[in-house]
Amino acid sequence: MLVEFIIFTTSSILATLVTYVLNIHLKQGPVRASALIALLVGGFFHFFPTIFSTLYTQNIPLYVIGGTFIGMVSSTINISYFSLLFSPILFSVLLHFTSKLFTGYGGALGTTACISLMCTMAFPIITKNKKVTYGYRLIRIIFKKQRRKIIIKRKFKA
């Protein structure tokens, strides 16, 4: 069981990194990068379903496609490689334990990938130049704006 989970997590990490490189460094765009990887992996397991056991044939494409969703992160967000490595791990854990809850609903992979990426971006990571990552600053800005709105509402009610 643990070996299979490590294989699924590794495939998700590789898909995330390859999609990120295609998206950002090779400037292919997020949709094209994700679609290319999903097409290659999905096509391989569709045309050669007997090479691996059915457990791998059915599950690896799910973890890879979810990993490509994480790799589609925008180039305007200063994301660290730690986040690109930790997000697919968190995605794999979430997918493993919640996949039965989402049976029959569309968008489970994308939603789980989004949740894992946002949770990872919320970690306060200090970079080499002693700055906090962009995702954490964005969350602080959102909370400050909400706090201001509450204060303004209280002033007008009084």
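## Helix H2

Ala33, Ser34, Ile37, Val41, Gly43 and Phe45 are buried in H2. Their cover includes H1 and H3. An α-helix has 3.6 residues a turn, so residues three or four places apart point the same way.

H2 runs over residues 30-47. Its 18 residues reach 26 Å from first C-alpha to last, close to the 26 Å expected at 1.5 Å a residue. That expected span is 1.5 Å times one less than the number of residues.

## Basis of the model

This is a predicted model: local features need pLDDT of at least 70, side-chain atom pairs count only at pLDDT 80 or more, and totals for chains, interfaces and linings use all residues. Residues are numbered from 1 along each chain as its sequence is written, and side-chain values use heavy atoms, with hydrogens and water left out.

## Overall fold

The chain has 6 helices and 0 strands. Its pattern along the sequence is α-α-α-α-α-α. Helices (H or I, at least four residues) and strands (E, at least two) are DSSP runs, numbered from the N terminus.

Of the 158 residues in the chain, 33% are buried. Among contacts with a separation of 6 or more, 66% join residues 24 or more positions apart. Contact here means heavy atoms within 4.5 Å.

## Helix H3

H3 also has 18 residues. Its end C-alpha atoms are 26 Å apart, which agrees with the span of 26 Å at 1.5 Å a residue. Buried residues of H3 include Tyr56, Thr57, Ile60, Pro61, Tyr63 and Val64. Gly66, Gly67, Thr68, Ile70 and Gly71 are buried in H3 too. The buried residues of H3 pack against H1, H2, H4 and helix H5 (108-121).

## The largest pocket

The largest pocket holds about 220 Å³ of space. A pocket is an open set of points on a 1 Å grid over the protein atoms alone, where a 1.4 Å probe fits, with protein on both sides within 12 Å along at least five of seven lines. Grid points are joined across faces, edges and corners, and the volume is the space filled by probe spheres set on them.

Lining residues have an atom within 4 Å of a point. Here they are Met1, Glu4, Phe5, Phe8, Leu55, Asn59, Leu62, Tyr63, Leu95, His96, Ser99 and Lys100. H3 gives the largest share, 4 residues. By class, the lining has 7 nonpolar, 3 polar and 2 charged residues. Ala, Val, Leu, Ile, Met, Phe, Trp, Tyr, Cys and Pro count as nonpolar; Asp, Glu, Lys and Arg as charged; the others, Gly among them, as polar.

His96 is found in helix H4. At 30% relative accessible area, His96 is partly exposed, a class between buried and exposed (over 50%). Leaving aside neighbours within four places in sequence, His96 is in contact with Met1, Phe5 and Tyr63. His96 and Tyr63 are 33 residues apart in sequence and 9.5 Å apart, C-alpha to C-alpha.

Lys27 lies in the loop between H1 and H2. Lys27 is exposed, at 68% relative accessible area. Its C-alpha is 9.7 Å from that of Ser75, 48 residues apart along the chain.

## Cysteines

The structure holds 0 disulfides, a disulfide being a pair of cysteine sulfur atoms within 2.5 Å. Cys114 is in no disulfide; the nearest cysteine sulfur, that of Cys119, is 9.1 Å away. Cys114 is partly exposed at 39%, and Cys119 is partly exposed at 37%.

Key: Buried < 20%, exposed > 50% of the residue type's maximum accessible area, 1.4 Å probe, protein only.
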